[in-house]
Amino acid sequence: MMSKQEMLSAMDQMDPEVLAVSRELWNHPETSGEEQYSADFLRSVLRKNGFAVTDVPGMPHAFRAEYGTGAPVIGILGEYDALPGLSQDASATRHQPLREGAPGHGCGHNLLGGASLGAALGLKYMLEHGGVSGTVRFYGCPGEETLDGKTHMVAAHAFDGCDAALSWHPMTSNTPYTGAYLANASVRFYFKGKTAHASFSPHLGRSALDAVELMSVGANYLREHVIDKARIHYTTDSGGFTPNIVPDRAESWYYVRAPRISDVYGILDRLKDVARGAALMTGTTVEFKTVSGCCEMLPNRVMEKITRNNMETIPTPVYTEAEERFAAELLKNIPPEQLARERETYGCDADSAPAIFRGVSDYETARRAELPGSSDSGDVSYNMPMSLFTAACAPLGATSHTWIITACAGSGIGEKGMLYAARVLAGTGYDLLTDGASLKAAQEEFRKVSATHPYTPIQAD
Ligand SMILES: [Zn+2]
Ligand SMILES: [Zn+2]
């Protein structure tokens, strides 16, 4: 049987292709729902490498690419959507868009797709030459930023028959997680009132905008009486036309997030009551529309342990002086208190600490560190054992969804993190393919946890 080290050494030959893929994705940033080029490009690279590619019904930018035969089937999640307005010159240490207003890879999904591809190629090599049977499946996952791509893929049965799933995310530290992210529901509220001249006959009007405002007041009072880690945020993009017409239409758009999907459902019910109350107070009516939603990530300690072991044994990146200087320059754009907080969380707050995270977070740090965003990967974790880790692809203190991440994702720091992540994913996949007992233990834990956490996905209206 091929050793893990032989597989990892073979991956050195694959690095140029992985780097080229990541750069190609970075050079063609496409936002959620628009990932035609990125998905087609990845499909072609996988086909060229001997993978059988199948589409996901109803999702033109989603696909599965498979190599090997039979069980176990190890899934590797790849993402490739970018974010609007985050175009950035990869060599600049100040905000400098390549194209003003254009999208950019400010969440580093070009690296996410690249490393996952690299891992799939590494595992394919092992299955081809290693005397081990099983299947590696690369999942082309669009629409992560809208938090519903994988939710739809689960519903379309794309994950059927998969024994375990591996994922990672470019971030600012090398940290394995067990359980992560907040569950999320994205819901729109449509208020309908009665229009009137705002000065001649205000008494005849029923303002939908008043309802939106009163709902915000209610939501902000609700905030005090929900669990600490819940988040409620909102916006409005419609509230009438001119001040002298009572607005008969107004909308607000809310995200409700919490550590458990069951908490999200509970808070959402109360938020709907707040909306009904606002409608009652203003003599308007309200309708709700659930846009999307996703679950939090279910913990799996067996998967975490296997991932951690790979993170600790595979060499972490070594940075050049120029990369360290580039990182330090980028950090000048970050508020000092944010930087200090991050460094304290990760135990890197000594004056001499380098700008880029080194090593792997210990167990206590990993528990303390949180990922307060949401990801549709959570829905995958409700259907099979899953592991997630982050790899340092930007200086510690930088935050996702900023031009700083776009810069790092298009240059050396991000690429080194990606190549490390590819090896950690492949190493973890290797362990699951070759050690049936570990996979069985992970599945047993999944069965136990999911018995008390049934999958109740948010249903879009
Ligand atoms: Zn992301
Ligand atoms: Zn993101």
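Author: A residue is called buried if 20 or more other C-beta atoms lie within 10 Å of its own, exposed if 12 or fewer, and partly exposed in between, with C-beta atoms placed from the backbone. This is a predicted model, in which local features need pLDDT of at least 70 and side-chain atom pairs count only at pLDDT 80 or more, while totals for chains, interfaces and linings use all residues. Residues are numbered from 1 along each chain as its sequence is written, and chains are lettered from A and ligands numbered from 1 in the order in which they are written.

Reader: Which residues of helix H8 are buried?

Author: In helix H8, residues 321-331, they are Phe326, Ala327, Leu330 and Leu331. A helix here is a DSSP run of H or I with at least four residues, a strand is a run of E with at least two, and both are numbered from the N terminus.

Reader: What puts these residues on the same side of H8?

Author: Their arc around the axis is only 140 degrees, so they share one side of H8. The arc is taken from the directions that lead from the helix axis to the C-beta atoms. Glu321 and Ala322 are exposed on the other side of H8. The buried residues pack against helix H9 (336-345), helix H12 (403-409) and H13. Contact, by the way, asks for C-beta atoms, placed from the backbone, within 7 Å.

Reader: Why is H7 called oblique to H14?

Author: Helix H7 (residues 301-313) and helix H14 (residues 436-452) pack at about 140 degrees, and their axes are 7 Å apart. Angles run from 0 to 180 degrees between N-to-C directions, with axes fitted to C-alpha atoms, for helices over the stretch in contact. Under 35 degrees counts as roughly parallel, over 145 as roughly antiparallel, 65 to 115 as roughly perpendicular and the rest as oblique. The value of about 140 degrees therefore makes H7 oblique to H14.

Reader: What residues meet in that contact of H7 with H14?

Author: From H7 come Arg301, Val302, Met303 and Ile306, and from H14 come Ser438, Ala441, Ala442 and Glu445. They divide into five nonpolar, one polar and two charged. Nonpolar covers Ala, Val, Leu, Ile, Met, Phe, Trp, Tyr, Cys and Pro, charged covers Asp, Glu, Lys and Arg, and the others, Gly among them, are polar.

Reader: What makes E1 and E6 edge strands?

Author: Seven strands form an open sheet with mixed pairing, in the order E1-E2-E4-E3-E5-E11-E6. Strand E1 (52-56) and strand E6 (175-177) each have a single partner strand, so one side of each lacks a neighbour in the sheet. From one strand to the next, the twist averages 25 degrees.

Reader: How do you know that E6 pairs with E11?

Author: Pairing requires at least two bridges found by DSSP between two strands. E6 and strand E11 (residues 386-392) run antiparallel and are joined by three bridges, so they count as paired. Here Pro176 stands opposite Phe389 in E11. Helix H13 (residues 412-434) lies across strand E3 (73-79), strand E4 (134-141), strand E5 (164-171) and E11, at about 165 degrees to E5.

Reader: What makes E8 and E10 the edges of the other sheet?

Author: That open sheet has four strands in the order E8-E9-E7-E10, with antiparallel pairing. Strand E8 (231-238) and strand E10 (285-294) have a single partner strand each, so one side of each is left without a neighbour. Inside the sheet, E7 and strand E9 (residues 249-258) pair over 10 bridges, and Ala185 stands opposite Val256 in E9. Two helices lie across strands of this sheet: helix H5 (residues 208-222) runs at about 20 degrees to E9, and helix H6 (residues 261-282) at about 155 degrees to E9.

Reader: Is His157 buried or exposed?

Author: His157 has 10 other C-beta atoms within 10 Å, so it falls in the exposed class. Its phi is near 65 degrees, a positive value in a residue other than glycine. His157 lies in the loop between helix H4 (149-155) and E5.

Reader: Why does Tyr181 count as buried?

Author: Tyr181 has 25 C-beta neighbours inside 10 Å, so it is in the buried class. Phi of Tyr181 is also positive, near 70 degrees. Tyr181 sits in the loop between E6 and strand E7 (183-192).

Reader: How do you know that Gly134 is buried?

Author: With 23 other C-beta atoms within 10 Å, Gly134 is buried. Gly134 lies in strand E4, and its contacts include Ala71 and Pro72. The peptide bond between Ala71 and Pro72 is cis, with omega near -10 degrees.

Notes:
Lists of a residue's contacts leave out its neighbours within four places in sequence.
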